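Please look over the sequence and the structure shown below before reading on. The report then goes through selected parts of the fold.

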Amino acid sequence: MQKTVTRPFDAFRALAERRGRPGARLIEALAAGAAEHAEGPESWAPEEARRFGLPAAAGLGPATFYADLALPHGRRHVRVCTATACFAAQAGRHLPAIEDVLGVTADSDHDPDPEVSLQSVRCLGYCYGGPAALDGETPCAGPDVVDQVAGRVRALTPAIPVADTTGDPVVLAGIMAGEAAWQTWVETVGRLTSEMVRSEVAASGLRGRGGAGFPVAAKWAAAGGSPETVVIANGDEGDPGSFADRLLMEADPARVLEGLALACFACGARRGLVLVRSEYPQALARMREAVGRARAEGHLGLGVHGSDVDLDVEVVAGAGSYVAGEETALIAGLEGDRGCARARPPYPTSSGLWGAPTVVNNVETLAAVPWIVRRGGEAYARRGTPSETGTKLVCLSERFARPGCYEVELGVPVRWIVTECGGGLREGAGLGVLQVGGPLGGFLSEKDLDVPLTEAGLAGYGAALGHAGLVAVDQRMEPLEVLRHVWAFAAAESCGACSPCRVGSRRGLEQVRTGERPGPAYARMLRVMSEASLCAFGRRLPYAVGSLARAYGDRLRGWGG
């Protein structure tokens, strides 16, 4: 019997409707409502929920949770990055300066000016050229960002400097070596099986590059091969200091989609989703364009390239939340809920998006899959170290003499990356501390830099690989100000789902604001956070604080717990 071809078919809404949920995304409707109203969500979110036959709380919950929805937006809405790299660039002075030139206070929900609104966000992906802001969807970045926002100089969108240090790039194969995307996919659907693809990825030793480091093939196998399986490309890259996913989605979106297609094939899935954080408007547009081209070229749809493979992909936008990049929180957001982490088990691979088996893979992880399937898992496994194989995209922040995104083999010394790739710090500045892997990663002092770039190596210093963003904080910064910045990030981004993290992050910020050295109660709070928090955000934060205190030594004695 001949198939009826309808292209594009809406994978996301089809699954939602079969699971008895509204076919359209509530978060999309709430985002549209936020754009239309100059008031806070209390005045319009209940009505949006009622349009879906849902109670008012179903609209108010997510609308008051996500940063993009909770604050009134003026006709001109400016988002200013206050994450670590932009903070380190000018010691955080750019935000109050922008408040002065616009005449509004950031993050204020009182007396909104319908003409202009200002929001502080944590990472816009311009860590290599900060400080940065988004004026509507127009990026402004560089030391004169205040003048750009004020209109005194032209808005600048600096390109991401990119380099390969391996001689044969894997993730950057399209960007650096000109390798065309979709060749592996065309060959795969014609001659390979799902088991063969999983076997090559298993042989490669590829682990997730989003922070957790779980073996990719094992996650795929755990989904069980059900056609109801959904594979999600997690493009909610929120780690301050990392812009690798933004680079891939903007410069080589077809490779990301090809990796997602291969992951779907390996899992027996017919539906894929790409979640792009709202702070990356250009990446969102590029991914949507790439999906349209892939459908037109026959890479997606019914009976792909004459095979029995059916596959469609949809691109959706996030709504502004760091924690919503965690896989269970991401799934909650896609279902129209607050982006809070969920208790496990059940794991998403058995019960994820609307109860369907769900695999969540990071964008960089997926971008490595075409190379592995084409050249073989053993070729990939020969790179890196025996226990942590392959390559990693490492992002160097604005304080480096040569900031940018570099593909390196795992296991190279961090000092080599800092000196040979980054050229040391700009203007000969001395290193205060180096943040590795985002706010949950940790900090290294100058004498620690000989550590290898591996999870195991960094763990010995209380740090973690994470997204492998390297943010240099030079010696101009006072250690207590850096610590206050870490706690302020935690207090702003905690989802509030569990008491240890919700209360602990705020108490930590209150303590550091006093400037007084903490006592035993502070150490107990850190211990409770590390042991009882629901997700890695609260559990990892005490380690990050402890690593910062250790890196600064006597200057932060007592602050590590």
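## Basis of the report

This is a predicted model, in which local features need pLDDT of at least 70 and side-chain atom pairs count only at pLDDT 80 or more, while totals for chains, interfaces and linings use all residues. Residues are numbered from 1 along each chain as its sequence is written, and side-chain values use heavy atoms, with hydrogens and water left out.

Helices (H or I, at least four residues) and strands (E, at least two) are DSSP runs, numbered from the N terminus. Two strands pair if DSSP finds at least two bridges between them.

## The six-stranded sheet

Six strands make up an open sheet with mixed pairing, in the order β5-β11-β10-β14-β12-β13. The edges are β5 (162-164) and β13 (442-444); each has a single partner strand, so one side of each has no neighbour in the sheet. From one strand to the next, the twist averages 25°. Angles here run from 0 to 180 degrees between N-to-C directions, and axes are lines fitted to C-alpha atoms, for helices over the stretch in contact.

Helix α13 (residues 244-251) packs on this sheet and touches β5, β10 and β11; the direction of α13 makes about 105° with that of β10. Contact means heavy atoms within 4.5 Å.

Strand β10 (residues 391-396) is mostly covered, with six of its six residues buried. Buried means under 20% relative accessible area, exposed means over 50%, and partly exposed lies in between (1.4 Å probe, protein chains only). Thr391, Leu393 and Cys395 point one way from β10, while Lys392, Val394 and Leu396 point the other way.

Strand β11 (residues 404-409) runs antiparallel to β10, and six bridges join the two. Val394 has Tyr406 as its bridge partner in β11. With strand β14 (residues 469-474), β10 pairs in the parallel sense over two bridges, and Cys395 stands opposite Gly469 of β14. Strand β12 (residues 431-436) is joined to β14 by five bridges and runs antiparallel to it; here Gln435 stands opposite Val471 of β14.

## The four-stranded sheet

Another open sheet has four strands in the order β2-β1-β3-β4, again with mixed pairing. Its edges are β2 (116-121) and β4 (138-141), each with a single partner strand, so one side of each is left without a neighbour in the sheet. The twist in this sheet averages 20° from one strand to the next.

Strand β3 (residues 132-135) pairs with β4 in the antiparallel sense over four bridges. Leu134 stands opposite Pro139 in that pairing.

## Helices α21 and α22

Two packed helices are described by the angle between their axes and the distance between the axes. For helix α21 (residues 479-493) and helix α22 (residues 499-514), the axes come within 8 Å and cross at roughly 155°. The two helices are therefore roughly antiparallel to each other; angles under 35 degrees count as roughly parallel, over 145 as roughly antiparallel, 65 to 115 as roughly perpendicular and the rest as oblique.

Residues making the contact include Leu480, Trp487 and Ala491 of α21 and Gly504, Leu509 and Val512 of α22. The contact residues divide into eight nonpolar, three polar and two charged. Ala, Val, Leu, Ile, Met, Phe, Trp, Tyr, Cys and Pro count as nonpolar, Asp, Glu, Lys and Arg as charged, and the others, Gly among them, as polar.

## Glu179

Glu179 lies in the loop between α9 (173-177) and α10 (183-191). Glu179 is buried, with a relative accessible area of 18%. Leaving aside neighbours within four places in sequence, Glu179 is in contact with Ala173, Gly174, Arg255 and Arg375.
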